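Visitor: I have a model open here. Can you walk me through one chain of it?

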Amino acid sequence: MADSSLVGEVRARLSWAGLKRAPIRYYLAAVFLVGLALGPTLGGMGTLLMLQWTTAFFFVMFVLSWDFVAGYTGQVSFGHTLFFTAGGYTTAALNLYLGVDPLLGILAGTVVAAVSGLFFALPALRLGGHYLALFTLLPPLILVRIFVIFSDYTGGSGGLSNPEPLLEAGDFAANAQANYYLAFALLVGIFALLWTITRSDTGRILTAIRESTDAVQSSGFNPAKYKVYSMVLSAVIGGLAGAVFVHTPVGSASPSQLLDLSLMLEILLASIIGGFGTITGALVGGLFIFWGLDWLEGVEYVLPVIQTPVGEIATLLFFGVLLLLVYFLEEGILPWSYRQGNRVLSLIRGGQRPVATDGGAPDGAGDAEGVASHEDSMDQGTAGSDAGRDSQ
Amino acid sequence: MPGTDEPSGMITQVLVNALLLSALYALVAIGFTMIFGIVDILNLAHGAAIILGGFSAFYAVQLGLGIWVGGLAAILVPALFSLLLYWILVKPVQHKNTMVIITTLIVLTMIEEAFRIVEGTGSHVLPSLVAGGTTIGGVSIQYNRAVLFVASWLAIGGLFIFINRTWLGQAIQGVSMSTRGSVLVGVDHEKVVLATFGIAGGLAGWAGLFMGISQGVTWDMGLEPLLIAFAIVVIGGMGSIKGSVVGAHIIGVIETVTTTYVDARLTGVSALVIMMIIIVAMPQGLYGQPGEVG
């Protein structure tokens with residue numbers, strides 16, 4: 001019964017009228033995704049660019065995994081790099097020392113990451129605020145030191161290099177292309193999963209936990225269960241991304257790629273600048289940070305007065321810019337452009353679409369759901385049955 | 001007889017080292033915990049004040065001003081930095097936990113990065129405050145380290161007198177207990193917060209000088225003591241100055257013992273592990289208020 005209504009819903013959405021009603025940003029996103037999917041085959045994307053995009057995809061996956069738990073349930077973790085490391089190092093070590101097949105190793109790495117997720121999730125039920133921040137900040141820092149102490153086994157700051165690749169396809173260019181599609185598929189899968197969960201009723205419960213645990217409890221839901229669920233799912237996604245990453249040509253199980261504090265900082269900034277707690281914002285912010293830094297590193301313009309090329313002090317400048325962005329565009333790029341876009345639309349359409357001044361979705365505008373407010377009517381048909389199962 | 005003599009000499013030596021290390025840790029932790037007590041934030045840029053302290057002294061010496069002027073610069077520059085940090089960056093976002101942590105983490109990263117670019121990754125040597133040394137009861141003590149130790153304790157003792165005996169100090173204590181209550185009885189909140197940031201920055205800078213003289217000045221000298229300060233503050237109870245002095249000694253002794261008797265590479269690890277256990281088992285620490293755990 002639920003299925004037939006679901007089919008009906010999907011049909012209605014995919015009908016000509018339904019497609020016409022879909023907001024413009026869905027089309028923009030679709031064009032962007034199709035562009036990325038066709039880039040290497042039809043678009044003549046160079047091998048180097050493909051490898052860079054592959055790295056960018058993995059970075060975005062890391063950002064997504066953080067945004068899902070921090071942005072929605074408000075369990076702000078400063079140690080998500082632990083999950084990537086758990087995934088990446090487990091599979092690399094299994095492969096290098098025991099000769100385990102990468103596919104099996106990735107599975108094992110994901111399981112270890114899930115366990116480390118529990119390690120965060122259980123104290124997070126009791127701790128809040130500063131204590132949770134400190135508690136999550138520590139494990140990666142301890143791990144870095146342990147890796148240095150046992151550098152005979154872990155490779156120290158160089159990490160475990162060259163585990164067997166997951167995909168091998170002839171020459172270098174073909175190999176890069178295969179890995180590009182692997183990363184792209186994984187990213188699309190993770191994005192779709194997180195997007196669906198956060199736009200479902202489960203997502204509403206997670207958002208409600210961020211706002212008030214008591215309110216969630218009094219509505220008959222168990223906040224602890226959802227907190228643990230979201231943290232562990234986030235760890236699984238982060239661990240999976242980290243594990244696959246080390247088996248591609250662009251990644252290796254090393255502190256600088258999986259564990260360092262600066263990586264964590266970039267992830268935090270990507271999610272916040274893109275739009276904290278929106279999933280879509282994490283995607284945009286992740287790409288923005290990755291390509292922004294890449295672009296700045298390539299700038300050869302020599303700054304006057306200090307006589308230094310921009311590229312050499314790129315990290316410094318970039319963090320300065322990000323700091324300003326965080327201050328002056330606190331809501332994030334995506335929610336901001338969504339708001340601006342709506343304003344333009346309302347001008348074009350002669351004020352048919354009212355714009356709420358607080359940035360949320362205007363009342364009664366069914367097809368203008370807010371990115372941040374999760375008023376996504378599109379998912380209600382499917383989410384109803386989901387939440388019914390989830391709540392008990 | 002010499003067989004029994006040597007271990008006891010060794011133990012005394014370890015104890016002396018532990019006391020020196022603890023004084024250094026206390027300097028860093030006190031500032032961190034004071035800021036926490038007053039404005040309820042985790043100031044990760046506290047590590048940047050340590051770096052600035054070390055490099056201010058280094059530049060003063062480079063300019064030929066001598067290490068004593070350098071020592072003064074090592075206190076004043078970080079104090080000013082800390083004030084500006086609060087005034088410009090922290091104040092607008094001080095009620096948003098995550099934003100404060102991210103902002104101060106960016107500031108720490110930027111300062112590290114700036115010194116790494118300008119000064120490279122090498123270690124820069126600071127001259128000793130005083131030369132020479134002596135041996136008392138089989139324990140060798142350099143005058144330089146003794147001066148640093150005494151100066152650290154003068155700073156800590158002075159702070160205690162300041163906090164307990166002066167009006168501004170009592171105002172700091174008051175705000176730390178209840179901001180609203182203190183403001184109601186006429187405390188200028190802004191002034192108290194600025195004073196706290198200034199003092200914290202100055203103490204951290206002094207610690208930076210201390211570290212610079214004993215181990216050299218490097219671009220990444222701020223993070224390690226900052227992490228140790230976390231551990232100390234958690235053990236002592238967040239916001240408690242007395243707790244952080246006690247915590248500094250606990251951590252200082254544990255650090256010295258593990259690095260001397262177990263493995264020198266364990267620096268920092270034992271403190272961090274202890275801290276994680278304490279956060280889970282006893283979040284309020286030794287002298288903290290349980291109410292602070294949310």
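This is a predicted model: local features need pLDDT of at least 70, side-chain atom pairs count only at pLDDT 80 or more; totals for chains, interfaces and linings use all residues.

Visitor: How many helices and strands does chain B have?
Guide: Chain B has 11 helices and 2 strands; these are DSSP runs, helices being H or I of at least four residues and strands E of at least two, numbered from the N terminus.

Visitor: And what pattern do they follow along the sequence?
Guide: Chain B reads α-α-α-α-β-β-α-α-α-α-α-α-α.

Visitor: What share of chain B is buried?
Guide: Of its 294 residues, 49% are buried, meaning 20 or more other C-beta atoms, placed from the backbone, lie within 10 Å of the residue's own.

Visitor: Switching to helices: at what angle do α10 and α11 of chain B cross?
Guide: Roughly 135°, and the axes of α10 (residues 241-262) and α11 (residues 269-281) come within 9 Å. Axes are lines fitted to C-alpha atoms over the stretch in contact, with angles from 0 to 180 degrees between N-to-C directions.

Visitor: Which residues make the contact?
Guide: From α10(B), B:Ile251, B:Ile254, B:Glu255 and B:Thr258; from α11(B), B:Ser270, B:Ala271 and B:Ile274. Contact means C-beta atoms, placed from the backbone, within 7 Å.

Visitor: What box does the chain fill?
Guide: The C-alpha atoms of chain B fill roughly 65 × 45 × 35 Å along the principal axes.

Visitor: How much of the contact in chain B joins residues at least 24 apart?
Guide: 74%, among contacts between residues at least 6 apart in sequence.

Notes: Residues are numbered from 1 along each chain as its sequence is written. Chains are lettered from A and ligands numbered from 1 in the order in which they are written. Two residues are in contact if their C-beta atoms, placed from the backbone, lie within 7 Å. A residue is buried if 20 or more other C-beta atoms lie within 10 Å of its own, exposed if 12 or fewer, and partly exposed in between; C-beta atoms are placed from the backbone.
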